[in-house]
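Hello,

Here is the structure I said I would pass on. My notes on it follow below.

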Amino acid sequence: MADRTPAPDTPELRARWGAFAWTEENRKKADWHIAKYPEGRQKSAVMALLDLAQRQVGAETDTQGWLPLPVMEYVADYLDMPVIRVLEVATFYFMYNMQPVGKYHVQVCGTTPCMLRGSDGLFETCKKRGMSKGHVSEDGLWTLTEVECMGNCATAPMVQINDDNYEDLTPERLDAVLDALAKGETPKAGTQEPGRHTSEPSGGPTTLKEMVSENHDYRGDW
């Protein structure tokens, strides 16, 4: 599982991120999120602002982004809340990266449905590309993390890469997705099963077939 320990607070970290501040565009977004909440409840925007800060770090480093301690301190100051409260949120939720990651954060689900459908083979595919869990690959492209269920059990096995899910994977299909990303392309997200659109039966509907083309009234059949 992902390490939830913040990166060490070193002079080098301070030198790189101690002057972090919103870009003008992100400042407007941050204020827009804060304005959603009534007076006195602005701290409720902390999750949105942490995500925004992580994305700004990602844009500056050409990675998926992470949260150095000075950046979390900036968010805390912006919301006038204790740093420890911001840190508690950031370390609890896996959507926030506590350590530097690669350009693409490959999160492979290893929970039972995905495991039974072949997630072990997906880990092997990643390993062959030089990925190891919790580390940035030598080329800077990949970080591999094993995660728990991400809610796509009907289309297992699945992998989340940055903001997109890729489902119905085989080692070959994952290779194709990773090849495309490495080339700077945008592979099709969602199911990789030909002819399948979401989580419907891969061979087509097996029940309620009359509902495919119209809102059929089954009450007479009952």
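The axes of helix 3 (residues 46-61) and helix 5 cross at roughly 70° and come within 10 Å of each other. Helix 3 is therefore roughly perpendicular to helix 5, since angles of 65 to 115 degrees are counted that way. Please keep in mind that this is a predicted model. On the helix 3 side, the residues in contact are Val-46, Met-47 and Leu-50, and they meet Val-86, Val-89 and Ala-90 of helix 5.

Met-47 also belongs to a nonpolar surface patch of about 390 Å², together with Phe-92, Tyr-93 and Met-95. Met-95 sits in the loop between helix 5 (83-92) and strand 1 (104-109). Its relative accessibility is 41%, so Met-95 counts as partly exposed.

Next, some backbone points. Most residues other than glycine have a negative phi, and most peptide bonds are trans. Asp-80 has a positive phi, near 55°, and lies in the loop between helix 4 (69-79) and helix 5. Asp-168 also has a positive phi near 55°; its place is the loop between strand 4 (164-167) and helix 8 (171-182).

Are these residues buried or exposed? Asp-80 is exposed, because its relative accessible area is 65% and the cut-off for exposed is over 50%. Asp-168, at 3%, is buried, because buried means under 20%.

Finally, the peptide bond between Ala-156 and Pro-157 is cis, with omega about -5°. Pro-157 is in the loop between strand 2 (142-147) and strand 3 (159-161).

Regards

Definitions and conventions: Residues numbered from 1 in each chain as written. Predicted model: local features only at pLDDT ≥ 70, side-chain atom pairs only at ≥ 80, totals over all residues. Heavy atoms only, no water. Patch = residues over 30% accessible without salt bridge, like charges linked within 9 Å, V, L, I, M, F, W, Y side chains within 5 Å. Areas by Shrake-Rupley, 256 points an atom, 1.4 Å probe, with all protein chains shown as cover. Salt bridge = Lys/Arg side-chain N within 4 Å of Asp/Glu carboxyl O. Helix = DSSP H or I, 4+ residues; strand = E, 2+ residues; numbered from the N terminus. Buried < 20%, exposed > 50% of the residue type's maximum accessible area, 1.4 Å probe, protein only. Axes fitted to C-alpha atoms, helices over the stretch in contact; angles between N-to-C directions. Parallel < 35°, antiparallel > 145°, perpendicular 65-115°, else oblique. Contact = heavy atoms within 4.5 Å.
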